[in-house]
Amino acid sequence: MELLRIVTAGSVDDGKSTLIGRLLYETKSLKDDQLEHIVEKSKSKGIDYIDFSLATDGLLTEREQGITIDISNIFFKTNQRRFIIADAPGHVEYTRNMVTGASNADTAIILIDARKGVLEQTQRHYNITQLLGINHLIFVINKMDLIDYNHEKFKGIKEDILQLTQKNENTLHLLPVSALKGDNITIQSKNTPWYNGPALLELIENIDLVPSNQQENILQVQWVIRPQLKSHHDYRGFAGKVNSGCFRVGDEITVFPSGLNSKIKQIDRYGKAVTLLYEGENGTLILEDDIDLSRGSSIIGTTAEEETQPSKQINATICWMQNQPLNTQSKYFLQQGTQQLQTKVTTIEGSPASFKLNDIGNISLRLSEPILSTPFKQNKNIGRFILIDPQTNNTAAVGFIR
Amino acid sequence: MNILKQLEEEAIYIIREVAGQFNQPALLFSGGKDSIVLLHLCAKAFYPGKIPFPLLHIDTGHNFQETLNHRDYLVEKYNARLIIGLVQDSIDQGKVQEETGKFSSRNGLQTTTLLDTIEELKLDACIGGARRDEEKARAKERIFSVRDDFGQWNEKLQRPELFDILNGRIHTGENVRAFPISNWTELDVWEYIKQENLELPNIYFAHKREIYPREGQWMPRCEFHNIPEDVIQEKTVRFRTVGDMSCTAAVVSNASTVEEIIHEIKASAFSERGARMDDKRSEGAMEERKKVGYF
């Protein structure tokens, strides 16, 4: 069975949590005790319908205020697929939590309140999905019941979305929904006879998963296994996850950043020898030569050698995620996978002049050591990093190499 | 890649990140099914080397003897090192007071013992078996969850966590709780136990036991609560989740193999933590405990 990871985004009160709660309810993913609890809570709040948002808003402060502050990771499955939905908050000040949820998603659902149409927040969330390179976008026009399922108004919003995204109608999914009433969630609604497309569930069950086809063969070392046992006296294995491409026994490799060359003698997976290791798999590489290699170094298949340019100067697009603004005077830690080093921002291109919470823009960075500088557009798994503020230790920004 | 393999790869990657980024990590190990899965994943992550950190069990003194025996058996089998923190010690030192009342439990007290042990051993990371499908507050937690020097979880100030990049930088005195099986469901855990042929304490499987009804659940008879003889009955039950004897309910079941349990869970209309009285104390019982340092 396949796994689809979805992030939901939208403005405050667009009904994201209600949408997910409804999806859980209609796919019978809520257990009896959970449903009973929600029904009871709805009654005690004095409302005459079932408040499905109670299925996901988990924090006491969230329930108190009726808003989502941080991401909830919701699991459910149908006969076709398994889903992890990251229910992200709508408030501007919690945009960083939306970025967190979106970073591992293949698909984004952007909610729009049918009464309000496209908002600044819609634009912001759309920009983030583009920055992160999310493959599929679904625009859900929610609360259609409150505009009497009016087709003309829906068409107006659709026009605005097409203009916002500058995209062709065929590459976007747009659907009219009422999460509260259950229109077009798992079955096509009679209230929108003018809509011929699939209901939301059918759509996410059938969306294509885009397989990665990275050319570069890269494994970043996480941990060096040296058992120092009698039985494995000379064992020295470089354990890590294949970031991109694949590795075979016998492959010529180059170590980054030292530049030393060797050959793969053996590949272990948890004690079993294998001949081939694919992207996303963990493995332990044992090399022919006894060369110096530690955590954060990369083993690179020679086919990728020319394409992977080590560099101490990079250009990147960043999204700033902490309350304290970017300080060009201070140093930050840059973490790319398992490698961490010091960095300083040298230039900020155009606007914004400085970076405050949620700002997105282009910068140049000077690094204390070289990193693999493949652009994000070329290799999603390599061309991304975070900046850590050494004062707060907080993840201050996410960056994408250009 | 099938889902179970995807989840295993993700978990092992996280475990290696913990080992790589922290000086003094430990694996929280209770002898329950989730921590048994974690122990197995840790062993795989560093094979043929030894697990490069100790196991830590906070023993409330209210545990099932079967779980403790199995815990010790596994520690030996995996050639691991076990450190035990005793809640009784915290009580004897006057740091916490035993709850009184009819259904007293030591569940809340273990937080103090855990935090003291973390401080004493200077642990900077604890690997735990929490899963996001268990409970609403758990569904909010990051993979690397930073706790301040009081062990507190600040739910409004969680760090962004992007892609598979895990930021483990902390200030002295702070520590991180790391959750490698965050994205697993209860069923995944059982499917994995089956696939890897893992051994579990026998209380997970159907057995005869003296139980009594309490708030719509079947509680095991234990020495900590005074229950009138006339309400106690013997039934064939098993435990779906294993915490303290004083706060874990049994389910009536004939499932005596892993396959039968998987079948039972698939058909069950109730959630796993429905059997945890400690979660039922209030609406935000888990969140409130997490804020003060519960794992």
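Reader: Why is B:D188 called buried?
Author: B:D188 has a relative accessible area of 5%, and buried means under 20%, exposed over 50% and partly exposed in between (1.4 Å probe, protein chains only), so the 5% of B:D188 makes it buried. This is a predicted model, in which local features need pLDDT of at least 70 and side-chain atom pairs count only at pLDDT 80 or more, while totals for chains, interfaces and linings use all residues. Side-chain values use heavy atoms, without hydrogens and water; residues are numbered from 1 along each chain as its sequence is written, with chains lettered from A and ligands numbered from 1 in the order written.

Reader: What makes B:D188 and A:R82 a salt bridge?
Author: Their closest N and O atoms are 2.7 Å apart, and the rule asks for a side-chain nitrogen of Lys or Arg within 4 Å of a carboxyl oxygen of Asp or Glu. A:R82 counts as buried too, at 12% relative accessibility.

Reader: How do you know that B:D34 and B:R131 form a salt bridge?
Author: The closest N and O atoms of B:D34 and B:R131 are 3.0 Å apart, which is within the cut-off, so the pair qualifies. B:D34 is buried at 13%, and B:R131 is buried at 1%.
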